[in-house]
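Take a look at the model below.

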Amino acid sequence: MKPLFQLARSSMIWLLVSILMVMAPYISIVPSWLFVLALLAVGWRLMVYRGRWSFPHWGVRVGVMLLVLAGLVAELRHSSVMVVTVGLLIAAFVLKLTEMYRRRDALVILYVAFLLIVCSFLFYQSIPMALYSLLSLIVVTACLNTVYRSQQNNDIWRPLKRSAVLYMQALPMMLILFLIFPRIGPLWQVDMNSGQSFTGLSDSMSPGDVSRLTRSAEIAFRARFDDPLPPENRRYWRGLTYDQFDGRAWRRSDVLVAQSRAAVKSKPKPQQTVLGDLAPNSQTYHYQVVMEPTGQRWRYGLDTPLRYPAKFRQIEDWTLQEAQPLMQRTQYSLASRIGAVREALSTAQIDHYLQLPSTGNAKARQLAQRWVAEQSDIKGFTAQMMSFFARDFRYTLEPPLLQQNDSIDQFLFQSQQGFCGHFASAGVLLLRAAGIPARVVGGYLGGEMNPVDGVLTVRQYEAHAWLEYWDKEDLSWHRLDPTSVVAPLRLEQSAAQLFSNEPSFLADSMLMRNGFLSGAFLKQLRQRYEAINYDWHRWVLNFHERQSGLLQRWLGDISVVNLLLMIMLPGALVLSLVAVSLLRRRGAPKDDVMKALAQLDRCLGPKQQRRPGETVGQFFDRLSLAFPTLTEEFETLSRCYEQIRYAEDLNPELPQQFKAIIVRCCPLILKASPIDAARPAL
Amino acid sequence: MIVSIRQRLADAAYEWSLKRSPRLKKLTLSQRRIYIVPSRSGFLFLLLLLVMLVLAINFQNNLMFAVTFLLASLFVVTILHTYANLSGLTIQFLRGHPCFAGEQAAFDLLLTPQGQRQYESIQLRLGQESGSAVDLLDDQPVSLTLYQTPPRRGMFQAGPLLIETYYPLGLFRAWTWVQVDLTTPVYPRPVKGGQLSDLNSVGSGDQSSTDQSERPGGEEFNGLVNYQPGMSLKRVAWKHYARGQGMHAKEYVELSDHHRWLSWALWPELSPEARLSRLTWWLLQLHHGDEAYGLDIPGCHIPPNRGEAHRLKILAALACFGLDGVSRESDLAPSAKPASQVGVR
């Protein structure tokens, strides 16, 4: 092996640092035994580096490799393919470490490191993560640099500087490419499931489910309105509806599920579905939503979405559906109306929305029958129901546990404490028992306005459940929220204010709960950060949704020629700047004495200035002859110069003196006419 | 097939590069001379970028796009850095050191950076020899010695000089082949054998013309000379010094006709090259002895003398015997061309 291709010792250190940096983000993703293996490999390599141990026997290496493969195959049962693939990359990466002698071995590791940095974005996409990845890139590139430098050069920080400079120079080009490169759709269908679990609404709702969500401060989605925001007590975000009750939990009926399946397979319809007539006083709101991944097919929209992207489908209950589960943050524009919606229901639909288990909750049914007898119309019935809730019930995040059977009876007549889910499900049961079609709606209520950028942030703890009933007199669906009468503050205040005394509220995010982030200054800070985060989501993470509009605005029409020009012209400009900075001829820095001599040369002109090969002493001798009036000065200069250059202990003022004399001489030289040294002096 | 195409391309680049390079004592590398293409690991890197791009497209992940584009820009910027790592470098060919056939001839070069620019990990090599890497970090010229094995004795001209660099990231290889204006004599390989003892009896027609002469460094005392600093203390006439007559040195001369001839006619049974080798070996032996020696080969007659200059003169005569041209590396095996230089080995 030629020594030229052996790995330098300084690159070993960088290599180990790179490996640890690249693997750190995967700690919570890949199985932990892989990490133990990685640390062992790094440790072993360190011992080899220090000369204590030798490389492991090839039998050991093959054995470990087979074990790792077996382990990863076993992992496939409860992890996603993506995680196992990344695990495989990491395993290859650390095992290569134990058989690394040469340049090429290091290259394999570093190229895989680049790949792993890219793959980490499948799991994390936050701003800190992006910055961390940039740092990792710089370190890995620095390591690549050490591989290619000569053995004798062991300056440990130099590669890092070089790498940082490279990235600074590459950054403008990258921005151009990022903006211009056309975003095409996926080349083939990929499994987006990266094994993460989501908090959020699920497709069945038992009364306790919503209160579970209040433990989390995770963001559900963000919305930015074009016009003024809807009033706080009208911000009902529809997620999905539950139309079937099994005595315990509310679910989506098979009919509804089948309908949404059919809808997503259907051809795109005009973006605006024909809804029934809307109540005349309703207002239309236009807004954009950035929705966090839920792993589900539904998409959130304000009350009744009217206009929505072409890839969405709207089904009977006005919820929005998409064909693929949401595995990555997405962005879409909607237009919604708030208010009652007119819709003629068929008999079958009316039956469907009256469905109840044949038995159970007998006291609740009796109560409904009693109210029907007392009230003449539906308005009266709902009013009585609401006043019933308002009178005796208490709103709490930690209601007592309800038994399996007749849970609604128990809630209505015994515990009388509950959360929105309890009220909504009890309300629908009462309405249906009274023969009024109704359904439970799951979604979010409210949202925190960020004054910095005007974006409404809706968090998991704002999850909410309410109900809708169909009034046969005006053939319209009406929203009814029993919570609004039990806890009117829930509609006025943010959930954060309302629940702040409940022990279980935000139990999973202590930082938010303990007021750490609620102090005025910190709150402002947090809002600013969230505003930046929102822009990050809109402009970077969802750039593919905005690119075409942006390019259209810049370029007029998007053609291949235009795009190429947009890449080539700024690219060429940036590269020329880099080239100029790299190739600029840089002369050696001159000290004061050399500068003074150069000044003297300038005023002497081409005939008299110092000739190549002439020593300074000879130069001044010649000048003394040429300028007899300045002989004394030139002799002083000559002496001065010798002292500056050769005296053992230099008088620090001498260079200044030297300079001063030259400055004094220059105007005199310009006035005097030199005597040609070649001519004999007369 | 790809390998053969690559080989042919490398050969063509080599030929073309040499054709464009005049033989110079000093040259500065510029864009007219520097060639740059992606190295093998550079192509691998492009493949990696492609994989990343496909990942980014399929996952619609804009951060993946960002990193892919960042690395692509890095790739482009590296072209400039690799190129800048050669351009402006001035190479001076200083001298060649003679050697015996079969040994490596050494050639001294001086590399001067341009202004304050820094150059790292520049690999240089002559012909097919293994090279050496050099850094120029503190704007000082760096001298280095490269070695090349001459194919045979005679005047040897250093083969083309390859200057290449993969710095900073190994993604590109910048290189140039330069014709080197350095020659050095290559002496015949010394081979032990034969006897020289009967040499003097061999009738050398010149023996009579070489009279007894005095040569310094002999064994006969000749007188005293004034001591000069640097003279051997062994030769100081201490007795005179002790008598207070000043410091003198004793001078000895050689009063003899003891000189030997390295003659072509000594071993008629040997082939010319073998004779030259044997003569060279005896020359080295005689040089360590006290006797004067001369060379007598066809076309060259050097009267007996002693000393380093004399030795070199005879060695040069032996080296060039029967040859008039200058040998080059390519004389060894005319078809041997440089192996493909692309990529990391």
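## Confidence

pLDDT is the predictor's confidence in each residue, on a scale from 0 to 100. It matters here, as this is a predicted model. In chain B, confidence is highest in helix H3(B), at a mean of 94. Strand E13 of chain B, residues 213–226, sits at the other end: its mean of 63 is the lowest. The average pLDDT for chain B is 80. Of the residues in chain B, 83% score at least 70.

Two stretches of chain B call for caution. Residues 201–213 of chain B stay under 50 in pLDDT. The model gives this stretch 12 contacts beyond four places in sequence. Residues 332–345 of chain B are also below 50. That stretch has 27 contacts beyond near neighbours in sequence. For the complex, the predictor gives an ipTM of 0.76 and a pTM of 0.71.

## What the record says about chain A

An unreviewed UniProt entry marks parts of chain A as "transmembrane region". In the model, residues 560–583 of chain A are 100% helix. The end C-alpha atoms of that span lie 33 Å apart. Residues 12–43 of chain A are 75% helix and 0% strand. There, the end C-alpha atoms are 12 Å apart.

The unreviewed UniProt entry also annotates residues 412–484 of chain A as "domain: Transglutaminase-like". In the model, this span of chain A is 44% strand and 27% helix. Its end C-alpha atoms lie 17 Å apart.

## Where the chains meet

How many residues of chain A are in contact with chain B? The count is 55 residues of chain A, against 48 residues of chain B. Six helices of chain A each supply at least two residues to this side: H5, H6, H7, H19, H20 and H21. H7(A) gives the largest share, nine residues.

What kinds of residue make up this side of chain A? There are 38 nonpolar, 10 polar and seven charged residues.

## One residue at the contact: B:Met64

B:Met64 lies in helix H3 of chain B, which covers residues 62–84. Is B:Met64 buried or exposed? B:Met64 has 24 C-beta neighbours inside 10 Å, so B:Met64 counts as buried. The cut-off for buried is 20 or more.

Which residues does B:Met64 touch, leaving out those up to four places away in sequence? Two are in chain A: A:Val118 and A:Phe121. Compare B:Ser39, 25 residues from B:Met64 along the chain. The C-alpha atoms of B:Met64 and B:Ser39 are separated by 25 Å.

## The fold of chain B

Chain B has six helices and 18 strands. Of its 345 residues, 35% count as buried. Take the contacts in chain B with a separation of 6 or more: residues 24 or more positions apart account for 72% of them.

Four strands of chain B form an open sheet, in the order E1-E3-E5-E8. The pairing is antiparallel. E1 (26–28) and E8 (142–148) of chain B are the edge strands, and each pairs on one side only. Neighbouring strands of this sheet are turned by 25 degrees against each other on average, direction ignored. Three bridges join E1(B) to E3(B), which spans residues 90–97. Within E3(B), B:Ile91 is the bridge partner of B:Leu27.

Technical notes: Residues numbered from 1 in each chain as written. Chains lettered and ligands numbered in written order. Predicted model: local features only at pLDDT ≥ 70, side-chain atom pairs only at ≥ 80, totals over all residues. UniProt positions renumbered as here; feature names shortened; annotations may be inferred. Contact = placed C-beta atoms within 7 Å. Nonpolar A, V, L, I, M, F, W, Y, C, P; charged D, E, K, R; others polar. Buried ≥ 20, exposed ≤ 12 C-beta atoms within 10 Å, placed from the backbone. Pairing = 2+ DSSP bridges. Axes fitted to C-alpha atoms, helices over the stretch in contact; angles between N-to-C directions.
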